[in-house]
Amino acid sequence: MVNKYMIDAEHVVAQLNQGRLFDFSGGVHPPQQKSLSNTTPINTIQEPPVLYIPIKQHIGTQGNICVVVGQHVAKGEALTQSSNPFSVPVHASTSGIIKAITQHPSAHPSGIPEMTITLEPDGQTQWQLMPLLTDYTKVEQVVLLERICQAGITGLGGAGFPTHLKSNPQKPVECLIINGVECEPYISSDDRIMREHAWQIKQGIDILRHIVKPKQIIIAVEDNKPQALNALKTACLQDNGITITSVPTKYPSGGEKQLIQILTGEEVPHDGLPIDIGCLMYNVGTCFAIADAVLHGKALVQRVVTLTGQALAQPQNVWALLGTPISHLLDIAHYDPSKQLVKKVIMGGPMMGFTAVNDTVPVVKITNCLLVPDKQELPDIEDERACIRCGLCAEACPAGLLPQQLFWHSKAKEYDKAQAYNLDACIECGACAYVCPSEIPLVHYYRKAKTDIKHIALEKEKSEKARERFETRQARLLADKQAREEKHRLAAEARKKTMDNKGNDAKDKIAAALARAKAKRAAAQNNPPTDSDK
Amino acid sequence: MTLLTALLIIGTLALIFGAILGYSAIKFKVEADPLVEQIDALLPQTQCGQCGYPGCKPYAQAIANGDEINKCPPGGDATIKKLADLMGVEPKPLDGDHGVEDVKKVAYIREAECIGCTKCIQACPVDAIIGASKQMHTVIIDECTGCDLCVAPCPVDCIDMVPVKPTPQTWQWELGKGVGDIPIKQVL
């Protein structure tokens, strides 16, 4: 059955060629700060003295650690393995010795320690490459998917969903969309990778084309990145199957659902996935990593990270090894502590990022930016004031939600009502909080409500399981008791029976004895004793 | 005659309607969710017995029969509020006689000290302890409800109740503590 919302790739491309784009409701225009970091090439930096590699850097389950402390590992060697399809391995970001396998502060808003492998680089940078699949068009899709999984590739745009799962759609793919929008202010990592490595991105797109067989391919780049757009156009000059389009600068047009709406005019259902309407979206950095894995046999061990903010003397983009502590990157960019009252590093952009708990937190697969603002740049959140019901948040919401209602209900912990207003459709872009004149950290409330709802569901599931186990146990105890009673009853009956039997025996014996005695007496009377007997 | 006709008509109508009503009472019988099941679904299923009943289901039964709703410390105020909503009564603070609301804990057996007496296994209401006579016992953490019932029977006191540590997956966002703040505001 064909979904009625399924897009028609030919129609979409024809519209794009006529220069027709759609728009999503809401969105904001924060001041652009990309020029801080996007003017210099991506810097290849010195290896840090130590790497902290968390064993789980994606959405899904973690693998099992397959190295031991003291072991020497080569660059690109897998540190974890698993046969679980929701698991992708992590790799040694460079060659060196495993120093420890311990808990280490995580690149997560909570900073709660996570299992992390500490690696001390030996300075040799010896690669352990996987066999090259240069002639990938002659290789089966499943082999390529396996390679993408083994290379540890997850979506590098932000969510960290395993790429091999996404690349195995069960529905026909109309449009393969390559996302080069990068709408967060400040961040320029995708911008630089598009400018400098457009060819390799093109190679990655070709591999994806072979795997998912889309009808059309669209590359979208925001119009504040003309050089990146030109570089991709040059790389795709010979290829008629790829449409490169420039979309107007607006936050958050890089959001998956928002970009699909801009390009196709169709909305992804709030409880659905882009594939439900025939779209599949990849970040440009993911395409680069796929080409690296398939054509060069390299696992995902590094990514482009934007180091930016007024407290850095040399903002730039760098190739950071996964696991590099952020303190090392701050040194590279010449962090000036005098520009900040307290050391504060934001992982991710100003709209969706979070404050890192300390500077030993490592760069992980989804870390696209470290923002180190000075005192005036990003002032601390002031005390929130009462909501004045101005409605600006509803105008700014790109998902068409009612942020005020969500706020009331989230704050009052009326989660069922918040869910009735589609809290789970919130993409946490921060547009509502950005426009709020009362400085209410709206997204905070939503994130708290979301984690609470998840927690309640988890507890519910657990208590359901406990109830089941309790009842099973009760039933078992009851059955045991009944079995025991039954056994006792049977034993008692048997005993009684034997007693009865024994009783009969005794009677018989007595009767027999009496009979014998009687017979004897009778015999004595019949044959009186003779003298000869005397 | 008129009287007789009227009586007959009314009587026939009464019979017909009675038959229809009787039939629909059987045919369209509404299976109401029994109250005990509904109450049981709200209770935390810790099976700890702190309420004075041997498990959550018996307490649910007692509430349905009119017992107080504030005797469940593991459920705490949240559960009391839900029970109050369901029963249509005013929520009350937790009854201190039955214990206080605590952080979630699980049992942990110091295995080196375990003598293998199986007493804790018999006490566990959800079969979350594995082991055999004269063999070391251990707790299946994922199944443990933290009910505390295994601690008292242990003759060598080798069972600890350990608070569950949050992981990034189970962590609950605190507001206004400065942890994980989202920056958002820009003045430049």
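A residue counts as buried if 20 or more other C-beta atoms lie within 10 Å of its own, as exposed if 12 or fewer do, and as partly exposed in between. The model examined here is predicted. Under this definition, 47% of the 534 residues of chain A count as buried.

Lys448(A) shows how the definition works. Lys448(A) has 18 C-beta neighbours inside 10 Å, so it counts as partly exposed. Lys448(A) belongs to helix α14 of chain A, which covers residues 442-526. Ser410(A) is 38 residues away from Lys448(A) along the chain. The C-alpha atoms of the two residues are 7.9 Å apart.

The overall dimensions of chain A were computed next. The C-alpha trace spans about 150 × 60 × 55 Å along its principal axes. The radius of gyration of chain A is 37 Å. Of the contacts in chain A with a separation of 6 or more, 73% join residues 24 or more positions apart.

The secondary structure of chain A consists of 14 helices and 16 strands. Six of the strands form an open sheet in the order β1-β13-β12-β16-β14-β15, and the pairing is mixed. Strands β1 (43-44) and β15 (354-355) of chain A stand at the edges. Each has a single partner strand, so one side of each is left without a neighbour in the sheet. β1(A) pairs with β13 (residues 316-321) of chain A in the parallel sense, over two bridges. Asn43(A) has Val318(A) as its bridge partner in β13(A).

Helix α4 (residues 189-196) of chain A lies across β12 (302-308), β13 and β16 (369-371) of chain A. α4(A) runs at about 125° to β12(A).

After α2(A) comes Gly152(A). The phi of Gly152(A) is positive, near 75°.

Terms used: Residues are numbered from 1 along each chain as its sequence is written. Chains are lettered from A and ligands numbered from 1 in the order in which they are written. This is a predicted model: local features need pLDDT of at least 70, side-chain atom pairs count only at pLDDT 80 or more; totals for chains, interfaces and linings use all residues. Helices (H or I, at least four residues) and strands (E, at least two) are DSSP runs, numbered from the N terminus. The radius of gyration is taken over C-alpha atoms; the globule rule is 2.2 Å times the number of residues to the power 0.38. Two residues are in contact if their C-beta atoms, placed from the backbone, lie within 7 Å. Two strands pair if DSSP finds at least two bridges between them. Axes are lines fitted to C-alpha atoms, for helices over the stretch in contact, and angles run from 0 to 180 degrees between N-to-C directions.
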